[in-house]
Amino acid sequence: MPPWTPPRPTLALATALLVVSVPVLGACSRNSEGDVRDAAKSFLDAWAGGDTAAAARATTDPDAATALLEQTATDLPDAVLSTELGSVTVDGGTATVGWTATWDLAAAPEWSYESTLRLAEGDEEWQVVAEPALVHPELGEGQHLELTRRLPDRAAITDATGVPLFTPTEVVNVGIDRAQVTDLATLAAGLSAATGVAADEIVADVEAAPEGQFVPVITLRRPDFEAIRAQVFDLPGAVFPTDTRLLAPTPRFAVALLGRVGAATAEVIEESEDDGSPRYVAGDQLGLSGLQRVFQEQLTGTPGFTVSVVSTDEGTADTGVEIGGVEPAPGEPLRTPLVPALQNAADAAVAGQQLPTHLVVVRPGSGEILAVSSNEVADASNALGGQFPPGSAMKTITATALLSAGAVTPGTPVPCPGTTTVDGREFENQDQFDLGTVPFTEAFAQSCNTTFIQQALELPDGALAEAAGAYGVGADWKLPVGIFSGSVPADSTGTTKAANAIGQGEVLMSPAQLALVAAGIASGTPAAPVEVDGADPAGPAPAGPGQPVLDSLRPLMRQVVVSGTASDLADRGDVFGKTGTAEYGSNTPPDSHGWFMGYQLAGPQGDIAFAVLVEGGQSSSAAVAVTDAFLGGL
């Protein structure tokens with residue numbers, strides 16, 4: 001009898017066994033937490049990566065999800081999403097996944113919240129349920145998010161006593177409403193005549209502007225607008241909406257240092273030209289300059305925001321429910337050493353000159369910049385950063401070199417001929433005046449070029465540069481708003497060395513640096529310049545020439561005022577100084593800048609040092625006149 005063998009399964013039995021086994025295997029795989037987590041991660045990664053289509057395909061309703069995600073991108077413009085997965089719960093054919101959303105909002109702090117995704121088991125994989133709550137747990141049907149940025153008040157830039165220098169000021173925006181224009185050429189000509197804005201620029205701006213858009217021409221303070229009101233008010237098409245902006249006391253108030261405030265400074269968030277949505281405007285796009293620009297981030301602080309759930313029906317009166325937000329953080333004030341009384345007096349003094357004029361005031365001993373003034377026709381940046389030959393104002397430094405070397409004393413007799421020749425080049429005094437042999441004090445007071453050339457040629461080639469360096473000339477100042485520290489070459493010889501001794505040749509100086517030189521002489525302790533109180537030092541304090549040299553130099557500068565080239569200042573108190581006439585250009589005879597640098601002791605504003613430059617003033621008398629007006633204004 002053959003051995004027993006089990007029967008082979010029939011085809012029906014094999015099929016039945018296979019049918020039974022498949023759902024068991026599928027249930028073990030598709031209901032696992034890992035699959036649910038992978039599906040949620042796939043959706044969130046696509047959404048955070050900006051692939052809306054891929055994210056929508058991972059949901060139960062791609063069309064609805066696409067609309068929802070695109071609406072969210074509109075609601076949170078330029079925001080970047082990052083996500084973090086949390087716990088997973090699976091219950092049969094449904095699941096939930098906790099996650100954390102963090103939105104990096106444009107021009108606002110981050111916004112984070114905890115949320116939950118619902119997932120449903122699909123035919124082939126888990127899918128995220130396409131519902132508003134996948135964006136935020138409190139978002140429902142017929143609703144969307146609304147982001148509102150909130151700005152803190154701009155912090156103040158203050159004077160030396162902590163009083164804000166920029167205050168809310170009414171302005172008038174002179175502009176054009178295209179719908180009211182009857183004759184554009186005539187309108188542009190009338191506005192140009194009153195404001196100084198070129199008529200062709202006005203026409204071009206109007207023609208390029210969309211229908212219904214206000215076309216700005218110029219923004220004026222209320223008093224300035226009132227001065228031209230009669231010329232512009234009745235021009236068809238001209239309109240004059242008012243506004244309030246943070247402005248300095250006057251348009252020219254320390255503008256080289258403080259800078260100007262752009263039109264949108266008080267509204268760092270402005271309307272986008274594309275869709276009207278808010279957008280951030282960086283400091284360099286606001287027309288800011290000077291300290292306003294350098295310290296923009298400190299002054300503006302950090303914007304805040306609110307996010308609300310609002311109805312998609314624009315006709316509803318629903319104000320929304322706030323679901324998130326951060327309070328704005330105010331900026332920090334910035335204190336300067338500016339003294340308004342000095343600044344106002346300086347502004348009034350330079351305004352009396354028709355030529356470009358600058359005046360910088362420094363506190364002896366501290367280097368604090370107390371006033372920086374330029375008149376309307378001047379490039380204000382030249383007050384701090386201009387590079388000009390200083391002319392005979394350089395003789396304070398040349399005298400420092402001579403006194404330091406022991407070459408002269410105030411009483412040393414020195415020749416002052418009308419002319420002197422160096423390597424075939426003739427140098428002369430103004431109008432070739434000839435004093436004969438006089439004490440060095442007299443040669444300094446009368447600004448005798450020939451004396452200084454003859455004496456300086458006997459000095460070592462680097463002596464002038466060394467004397468200048470003792471006052472900080474040539475220093476690499478590290479400042480928020482740059483100051484040109486001057487340039488006095490150490491290797492000049494022959495005629496160039498001769499010219500350098502009288503502030504011509506290769507010597508250059510800014511009004512600010514020359515005021516710092518005067519401050520160093522006044523105090524005996526030259527200092528690095530200070531533009532912002534409490535800031536890091538601009539550099540090491542210059543060494544100074546030493547007390548014996550200063551004791552000899554100061555009487556020389558006093559004599560300039562008592563009986564020399566600045567005698568018009570003799571009644572302005574205890575004033576010391578040096579005049580300068582600096583030739584430049586290729587005209588015959590050459591044009592000249594006018595300088596005066598010096599200091600006043602125990603005046604109405606205490607000890608002050610200053611430098612005045614009248615560009616193209618032709619002689620120092622123009623600068624002396626500005627100095628006289630300035631001191632008189634105190």
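This is a predicted model: local features need pLDDT of at least 70, side-chain atom pairs count only at pLDDT 80 or more; totals for chains, interfaces and linings use all residues.
Figure 1. Thr 579 lies in strand S22, which covers residues 574-584 (strands are DSSP runs of E with at least two residues, and helices are runs of H or I with at least four, both numbered from the N terminus). Residues are numbered from 1 along each chain as its sequence is written. Local features need pLDDT of at least 70 and side-chain atom pairs count only at pLDDT 80 or more, while totals for chains, interfaces and linings use all residues; side-chain values use heavy atoms, with hydrogens and water left out.

**Figure 2. The surroundings of Thr 579.** The side chains of Thr 579 and Thr 565 are joined by a polar contact of 2.6 Å (a pair of N or O atoms within 3.5 Å; within protein, one must be able to donate a hydrogen and the other to accept it, and residues adjacent in sequence count only if both atoms are side-chain atoms). Apart from neighbours within four places in sequence, the residues in contact with Thr 579 include Ser 392, Ala 393, Trp 595, Phe 596 and Val 624 (contact means heavy atoms within 4.5 Å).

**Figure 3. The largest pocket.** This pocket has a volume of about 860 Å³ (a pocket is an open set of points on a 1 Å grid over the protein atoms alone, with protein on both sides within 12 Å along at least five of seven lines; lining residues have an atom within 4 Å of a point). Its lining comprises 31 residues, of which Asn 429, Gln 430, Asn 449, Thr 581 and Glu 583 are the closest to the centre. Strand S20 (425-428), S22 and helix H20 (620-633) each give two or more residues to the lining, and H20 provides the largest share, with 5 residues. By class, 7 of the lining residues are nonpolar, 17 polar and 7 charged.

**Figure 4. The largest cavity.** The structure holds 3 cavities of 30 Å³ or more (a cavity is a set of grid points where a 1.4 Å probe fits but cannot get out). The largest has a volume of about 60 Å³, and its lining includes Ala 456, Asp 461, Leu 464, Lys 497 and Asn 500. Helix H16 (463-469) and helix H17 (494-501) each supply at least two lining residues.

Key:
Grid points are joined across faces, edges and corners, and a volume is the space filled by probe spheres set on the points. Ala, Val, Leu, Ile, Met, Phe, Trp, Tyr, Cys and Pro count as nonpolar, Asp, Glu, Lys and Arg as charged, and the others, Gly among them, as polar.
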